[in-house]
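Subject: Structure handover

Hi there,

Here is the structure I promised to pass on to you. Have a look at it first, and then read on for my notes.

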Amino acid sequence: MSELTTIARPYAKAAFELAVEKGTVEAWNEMLFFAGQVTSDEQVQALLGSIATETQQSEIIIKLCAEQLNEQGQNLIKLMAENERLAAIPAVAELFAEFKADYDKEIEVDVVSATALADDAQAKLVAALEKRFARKVKLNCSIDEAIVSGLVIKAGDTVIDGSVRGKLDRLATSLQS
C-alpha cells in the first residue's frame, strides 16, 4: 500500500460514509473522479506547485472544479488543504470508487485473450464470473497475441490463467524442477 493510499483512506472512508447516509454515492463518485482527474493533470500540478500555500492551492482546485463540486465536496478539498493532503485527492477518488464497487456488489474483471471475444462468449463469461464471485461483473477486455490461446482473467487479487502461454510456462517450470 502506498503512502498516498494510507493518507487518502480516512478521507475516502468519511466521504463514502457521508455519501451512503445522504444517498449520494454516485454524485460523490463523479465529483471525486473529476477532482482526481483535474489534480492529476500535469499542467494543473505545475500551477499548484508554483503556489505557496495549500489553502491557495485548494482555492484554485475548487475554482477549476466549481461546476462539478457541491458544497460538501468543496469542504472536503478545504479540509485536505488544512491538513496538507491535497496530493492525495486522486488516491481518495480511487479508494472511493473501490468502496462504491464493493457497496454496489460490483467487480471489475480484466480479461486478456489472444483474439477478440465474441459478444455471446463475453455474455457467457460474465454469467460464469457473476456466479463465481457473487457480484455484478464489468468486463475489461483486451487482446494479447502472446498468450497464444485461452484467457487470462484478473479480478482483484484473483488471477485465473487459462492461456496456452501460461500452461507452457508452468510446464517449463515443472520440468526444470
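The structure holds 6 salt bridges, a salt bridge being a side-chain nitrogen of Lys or Arg within 4 Å of a carboxyl oxygen of Asp or Glu. Please keep in mind that this is a predicted model, in which local features need pLDDT of at least 70 and side-chain atom pairs count only at pLDDT 80 or more, while totals for chains, interfaces and linings use all residues. Residues are numbered from 1 along each chain as its sequence is written, and side-chain values use heavy atoms, with hydrogens and water left out.

One of the salt bridges joins the side chains of Glu26 and Lys100, at 3.1 Å from N to O. Glu26 belongs to helix H2 (residues 25–40) and Lys100 to helix H6 (residues 89–103), so this pair ties together parts that are 74 residues apart in sequence. Helices (H or I, at least four residues) and strands (E, at least two) are DSSP runs, numbered from the N terminus. Lys100 also forms a salt bridge with Asp104, and here the closest N and O atoms are 2.6 Å apart.

Lys100 counts as buried at 12%, whereas Glu26 is partly exposed at 40% and Asp104 is partly exposed at 30%.

Another salt bridge is found between the side chains of Asp169 and Arg165, at 3.8 Å from N to O. Both residues lie in helix H8 (residues 164–176), 4 residues apart, which is about one turn of the helix. Asp169 is partly exposed, with a relative accessible area of 42%, and Arg165 is partly exposed at 35%.

Now to the helix packing. Two packed helices are described by the angle between their axes and the distance between the axes. The axes are lines fitted to C-alpha atoms, for helices over the stretch in contact, and the angles run from 0 to 180 degrees between N-to-C directions.

H2 and H6 pack at an angle of about 150 degrees, with their axes 8 Å apart. The two helices are therefore roughly antiparallel to each other; angles under 35 degrees count as roughly parallel, over 145 as roughly antiparallel, 65 to 115 as roughly perpendicular and the rest as oblique. Their crossing is left-handed, where left-handed means that the near helix is turned anticlockwise from the far one by less than a right angle, and right-handed that it is turned clockwise. The contact (heavy atoms within 4.5 Å) includes Trp28, Leu32 and Phe33 of H2 and Val92, Phe96 and Lys100 of H6. By class, the contact of H2 with H6 has 12 nonpolar, 4 polar and 2 charged residues. In this count Ala, Val, Leu, Ile, Met, Phe, Trp, Tyr, Cys and Pro are nonpolar, Asp, Glu, Lys and Arg are charged, and the others, Gly among them, are polar.

Helix H3 (residues 42–49) packs on helix H4 (residues 54–64) at an angle of about 150 degrees, with the axes 9 Å apart. This crossing is right-handed. Val44, Leu47 and Leu48 of H3 make the contact with Gln57, Ile60, Ile61 and Leu64 of H4. The classes here are 6 nonpolar, 1 polar and no charged residues.

Most residues other than glycine have a negative phi, and most peptide bonds are trans. Glu84, although not a glycine, has a positive phi of about 55 degrees. Glu84 sits in the loop between helix H5 (71–82) and H6, and is exposed at 59% relative accessibility. Ala134 is not a glycine either, and has a positive phi of about 55 degrees. Ala134 lies in the loop between helix H7 (119–133) and strand S2 (136–143), and is exposed with a relative accessible area of 61%.

Finally, a word on Ile7, which is found in helix H1 (residues 3–22). Ile7 counts as buried, at 18% relative accessibility. Leaving aside neighbours within four places in sequence, Ile7 is in contact with Arg85 and Ala88.

Best wishes

Key. Buried < 20%, exposed > 50% of the residue type's maximum accessible area, 1.4 Å probe, protein only.
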